[in-house]
Amino acid sequence: IEAINQVKHDEALTANAAQSLYYHYIKGSAGLCGDVDPINEIVCEFDNLYTCWRLSALNGYIYFEANSLQGMAELLNVPLASEVLYDRRSQALRVLNKEEYPDSILPLQLARKALEKFKEYNDIYQIAGVYRTIGTWLNENGHYIDAVDSLTKALDNVNKHHALYYKCEDTEDRLKAYV
């Protein structure tokens, strides 16, 4: 938090789009706002993720667009955060929800959009992460069989990532869903 607060929003940061997007993404997704009031922290996290999403969508930064969508889905999966954001950031949520999904499924829909973007970007590890986000929503909303399916896809993608980048060929070390 101390380090992120030392970053100045000067011309150097705003001139480098990727650095600016990464700043907003990391501040929002890692809870680096530093506010002692949990309500203000939630709003600050969302504002940074929303800024990252908006700027990345406008400028074609698929990776950050997907990450910020997933981050907002994660935030909206938390009941207190969802309540606060629908109260304090309803306009931004309407912009995110142009399809007018019911509020209860907006986190799932944001995660699904993130999944499409990560597949377009072809990032196996981030695909695994978004399947976990989807699985969390499904589990919390009583869709247990679908949750297990989504979480199994997450593990399969982690295994693909490890095989590709770490040459992990040993099937004994592969991650699998607990039966």
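A residue counts as buried under 20% relative accessible area, as exposed over 50%, and as partly exposed in between. In this predicted model, Lys117 has a relative accessible area of 23% and is therefore partly exposed. Its salt-bridge partner is Glu65, with a distance of 3.7 Å from N to O. Lys117 belongs to helix α8 (residues 106–121) and Glu65 to helix α5, so the pair ties together parts that are 52 residues apart in sequence. Glu65 has a relative accessible area of 11% and is therefore buried.

The whole structure contains five salt bridges. Three of them are described here, including the pair above.

| Salt bridge | N to O distance | Relative accessible area |
|---|---|---|
| Lys117 and Glu65 | 3.7 Å | Lys117 23%, Glu65 11% |
| Glu74 and Arg132 | 2.7 Å | Glu74 25%, Arg132 37% |
| Glu99 and Lys113 | 3.2 Å | Glu99 36%, Lys113 22% |

Glu99 lies in the loop between α7 (90–96) and α8, while Lys113 lies in helix α8, 14 residues apart.

Helix α5 (residues 62–76) packs against helix α9 (residues 124–140) at an angle of about 20 degrees, and their axes are 10 Å apart. Angles under 35 degrees count as roughly parallel, so α5 and α9 fall into that class. The crossing of α5 over α9 is left-handed. On the α5 side the contact is made by Tyr63, Asn67, Gln70, Ala73 and Glu74, and on the α9 side by Gln126, Gly129, Val130, Arg132 and Thr133. By class, these residues are three nonpolar, five polar and two charged.

The salt bridge between Glu74 and Arg132 joins helix α5 to helix α9, so parts 58 residues apart in sequence are tied together.

Methods
Residues are numbered from 1 along each chain as its sequence is written. This is a predicted model: local features need pLDDT of at least 70, side-chain atom pairs count only at pLDDT 80 or more; totals for chains, interfaces and linings use all residues. Side-chain values use heavy atoms; hydrogens and water are left out. Axes are lines fitted to C-alpha atoms, for helices over the stretch in contact, and angles run from 0 to 180 degrees between N-to-C directions. Helices (H or I, at least four residues) and strands (E, at least two) are DSSP runs, numbered from the N terminus. Angles under 35 degrees count as roughly parallel, over 145 as roughly antiparallel, 65 to 115 as roughly perpendicular and the rest as oblique. A crossing is left-handed if the near helix is turned anticlockwise from the far one by less than a right angle, and right-handed if clockwise. Contact means heavy atoms within 4.5 Å. Ala, Val, Leu, Ile, Met, Phe, Trp, Tyr, Cys and Pro count as nonpolar, Asp, Glu, Lys and Arg as charged, and the others, Gly among them, as polar. A salt bridge is a side-chain nitrogen of Lys or Arg within 4 Å of a carboxyl oxygen of Asp or Glu. Buried means under 20% relative accessible area, exposed over 50%, partly exposed in between (1.4 Å probe, protein chains only).
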